[in-house]
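Subject: The structure I promised you

Hi,

Have it open while you read, and look up each spot as you get to it.

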Amino acid sequence: MLAKRIIPCLDIKEGRVVKGIKFLGLRDAGSPVEVAKIYDKQGADELVFLDITASYENRKTLIDLVEDIATNIYMPFTVGGGIRDIQDIRDLLNAGADKISINTAAVKYPELINQASSKFGSQCIVVAIDAKSVQSTEYRVQSEKPRTNQWQVYINGGRTPTELEAVNWAKEAARLGAGEILLTSMDYDGTKDGYDLALTKAVSEAVNIPVIASGGAGSLEHFYQVLVNARADAALAASIFHYAEYSLKEVKEFLRDKGVAIRL
Amino acid sequence: MTRIAIIDYGMGNIHSVQKALESLGAETIVTARPEDIKKSQKLVLPGVGAFDDAVAELKKQGLFDALIDEIKNKKIFLGICLGMQLLFKKSQEAVKANGLGILDGEVKRFDKKMNIKVPHMGWNQLKKVAGRRSQVAGECPLLKGIPDGAYVYFCHSYYPEPKNKDMICATTNYGGDFAAVVWQGNVYGTQFHPEKSQEIGLRILKNFICL
């Protein structure tokens, strides 16, 4: 049976991990490669690296880093942040990334999804969506009736609101050839109050490609809720693992004991 | 020493395969030159992406016929993911191109009617096939020491359906059982990515090196 995936996420700035990481016995907490190796040993199902500087000058640093990671771990990893065109995607895939996550560029140039997936295959094109819930009075998709379960898509690292509604955008991204959706709730991110179950469920049921839920993990139960109740295919988390509040093993054993298909 | 040629035809993640094999002590060469392929003792054809593009690239670089010749000359061959699918002649993904035609069968797309998400992405289990008729008795050497139910990493929308079921060494269930490992004589194929499958994957690659 296909296992639900548990995916640690690392935010990278100028080639270093930026969110604090408090592993025991880690000599260089800022080195993405060191952190990646530890997560690999702990049995992470995948890793996601998000380059949050994502400037032109830092591209070379990122490519070197991806090469370094690829020579040190034996599991799939996704790289995102500041991807603008086919060349960026090609460079990172050639450096050893398995999947590329596109966010802002996909919104601005939806054709990029189509071009990238026909060139490199859907399986390596992830469309990342940052979504924030909206009041029905403030925001409404053209002909649709106002409803409370509605989420607006933001780009540029959550700074710029767009006209897009998250569920519709996810469907469109899938239609254009995305192989996976990385869905982050801006309302829940960093709160540790749990994932946005309504958002995740709405997107997961609307598309026929895997959905990675992100933002809000704070307890073991949260993973269960998002994977089972909200039907996410994978759950991503950052600080809960970085600060060793729970280990990957604890999360996975908890889920397995509750009957979730998990690789241990 | 045995040298393994990893065929680089511009279809993605070659380096992971190379460093995985090298970490296990193999001597490798990443190449697109038919003469290197002829000189190597084993061949690995990795690959992600589209079937048609892959066939076009193999032909453009003069590798298509070279591979067929080498495989027919009994050189030990491992196809990974798209590299496995290319062993078959027909693919539902292909608009026009035919694959290498070494194995009899067709590559099919997962049917969304099976109520599954496509691509099949993530870790899934191998079910070893016992009692195969045409091969020498015993299990597939690639799967030596791999427990039944072991998890490996998949990332694909198409799967091979061999005509002769005897070549199937392990299946995986996703909307139904499909061939995850095939073996016919000197030819091996895995639909999953051993180079991305942590310890289990490395053990499979070690088995390949030891063939």
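Predicted model: local features only at pLDDT ≥ 70, side-chain atom pairs only at ≥ 80, totals over all residues.

B:Q198 has a positive phi of about 45°, although it is not a glycine. Is B:Q198 buried or exposed? With a relative accessible area of 10%, B:Q198 is buried, because anything under 20% counts as buried.

Some other backbone spots

A:E14 is not a glycine, yet its phi is positive, at about 45°. You'll find A:E14 in the loop that runs between β1 (5-13) and β2 (16-17) of chain A. Over in chain B, the peptide bond from B:V118 to B:P119 is cis, with omega near 5°. B:P119 is in the loop between β6 (103-109) and β7 (120-125) of that chain.

Chain A as a whole

Now zoom out a bit. Chain A contains 10 helices and 11 strands. It has 264 residues, and 58% of them count as buried. If you take the contacts in chain A with a separation of 6 or more, 64% are between residues 24 or more positions apart. The accessible surface of chain A is about 10800 Å², and carbon and sulfur atoms make up 47% of that.

The cores

In soluble globular proteins, nonpolar side chains tend to be buried together. Here, the largest nonpolar core has 78 residues. Which of its members touch the most others? They are A:I6, A:F77, A:I89, A:I129, A:I181 and A:F223. There is also a second, separate core of 39 residues, and B:I116, B:W183, B:I200 and B:I204 are among them.

A:F77 is worth a click. Leaving out residues up to four places away in sequence, A:F77 touches a list of residues that includes A:L47, A:F49, A:V66 and A:I69, as well as B:K196 from chain B.

Pockets and cavities

Rolling a probe the size of a water molecule over the atoms shows where empty space is left. The largest pocket holds about 1000 Å³ of space. It is lined by 41 residues, and A:L50, A:I52, A:N103, A:D130 and A:G157 are the closest to its centre. Several elements of chain A give two or more residues to this lining, including β1, β3 (47-51), β6 (125-133) and α9 (239-242). The largest share, three residues, comes from α4(A).

There are also two cavities of 30 Å³ or more. The largest cavity has about 180 Å³ of space. Of the 15 residues that line it, A:D98, B:N13, B:V48, B:C155 and B:H193 lie nearest its centre.

Two residues to look at up close

A:I52, from the pocket lining, is in the loop between β3 and α2 (59-70) of chain A. A:I52 counts as partly exposed, with 48% relative accessibility. Apart from neighbours within four places in sequence, A:I52 is in contact with A:D11, A:I12, A:K13 and A:V18. A:I52 and A:G157 are 105 residues apart along the chain, while their C-alpha atoms are separated by 8.0 Å.

The other residue is A:S118, in helix α5 (residues 111-120) of chain A. What does A:S118 touch, not counting residues up to four places away in sequence? A:S118 touches B:A50 and B:D53. Its relative accessible area of 43% makes A:S118 partly exposed. From A:S118 to A:A178 it is 60 residues in sequence and 9.9 Å in space, C-alpha to C-alpha.

Happy exploring!

Methods. Residues numbered from 1 in each chain as written. Chains lettered and ligands numbered in written order. Heavy atoms only, no water. Helix = DSSP H or I, 4+ residues; strand = E, 2+ residues; numbered from the N terminus. Buried < 20%, exposed > 50% of the residue type's maximum accessible area, 1.4 Å probe, protein only. Contact = heavy atoms within 4.5 Å. Areas by Shrake-Rupley, 256 points an atom, 1.4 Å probe, with all protein chains shown as cover. Core = buried A, V, L, I, M, F, W, Y, C linked by side-chain atoms within 4.5 Å. 1 Å grid on protein atoms, 1.4 Å probe; cavity = no way out; pocket = protein on both sides within 12 Å on 5 of 7 lines; lining within 4 Å. Points joined across faces, edges and corners; volume = space filled by probe spheres on them.
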